[in-house]
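Please look at the sequence and the structure side by side, and take a moment to find your way along the chain before reading on.

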Amino acid sequence: IKVKMRGYTNKDGKRINEYRTVEFDVKPQLINDRTMVPIRAVAEELGYEVRWTGGTNRVDLIGSQNEIIEGKLPYQCQTMIDMMKDSMKGSKKTGSNFSETYTYFNSTPVTEEIYKKFNDLLQKDGAVRYGVYLHVGKTQGVAYISRNSELSLDEIRVNYEMDVTPIVYKDRTLLPLRAVGELLGFDVQWDGSTQTVYIDGK
């Protein structure tokens, strides 16, 4: 299985517009029709810090700090807005690893009022940090936004449910690539004829 990515700014701050093949020290696995990959190689190439907490089997993907300027949102923030919209509609995320949009705002089911509050928070210019965390053996995860360093990382949270769980394989944490890629704001496509996953940024 190959993974190719384009349309993103890498860890060195360089814009990558042509497909690059991701190199892994442990081969990606196809498990229950889901592509599971050692996520560190993908996340770090995208500029995310990866943290592993062994006591709770938790994996954190922590993004670099971005700025909201004149109301223009980083694409990851737009991803959370789209998740909340889907949740209010009761729709499913077809074609992805999300089994259903069990989406919550700070553990409260999303309503029009909560959505407006969330959207209003993101209209203020300033620093914003985006991240995702998951647990090995659990289908639930959290995407979060922090507005500044003085607030907790999960100041604004959206919970989500996947139909596969992260696993440990050969001392590496493997995560479902499509689900994580979509949470990070990327389009993820599978080409079965070449056994290749294509990840496209926005």
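This is a predicted model: local features need pLDDT of at least 70, side-chain atom pairs count only at pLDDT 80 or more; totals for chains, interfaces and linings use all residues.

Residues are numbered from 1 along each chain as its sequence is written, and side-chain values use heavy atoms, with hydrogens and water left out.

T35 is buried, with a relative accessible area of 12%, where buried means under 20%, exposed over 50% and partly exposed in between, using a 1.4 Å probe and protein chains only. Not counting residues up to four places away in sequence, T35 touches I1, Q29, L30, L175, P176, L177, W190 and V197, a contact being heavy atoms within 4.5 Å.

On a 1 Å grid over the protein atoms alone, a cavity is a set of points where a 1.4 Å probe fits but cannot get out, a pocket is an open set with protein on both sides within 12 Å along at least five of seven lines, and lining residues have an atom within 4 Å of a point. Grid points are joined across faces, edges and corners, and a volume is the space filled by probe spheres set on the points.

The second largest pocket has a volume of about 260 Å³, and of the 13 residues that line this pocket, the closest to its centre are I39, R40, D171, R172 and T173. Two or more lining residues come from each of α1 (39-45), β7 (49-53) and β15 (172-176), and α1 gives the largest share, 3 residues.

The structure also holds 2 cavities of 30 Å³ or more, and the largest cavity contains about 50 Å³ of space. This largest cavity is lined by I39, V42, L46, L177, V180, G181, L184, F186 and I199, with the largest share, 3 residues, coming from α4.

Lastly, strand β11 (residues 126-135) has 9 of its 10 residues buried, so β11 is largely enclosed by the rest of the structure. Strand β11 runs antiparallel to strand β12 (residues 140-146), and 6 bridges join them; two strands pair if DSSP finds at least two bridges between them. The bridge partner of Y133 in β12 is V142.

Terms used
Helices (H or I, at least four residues) and strands (E, at least two) are DSSP runs, numbered from the N terminus.
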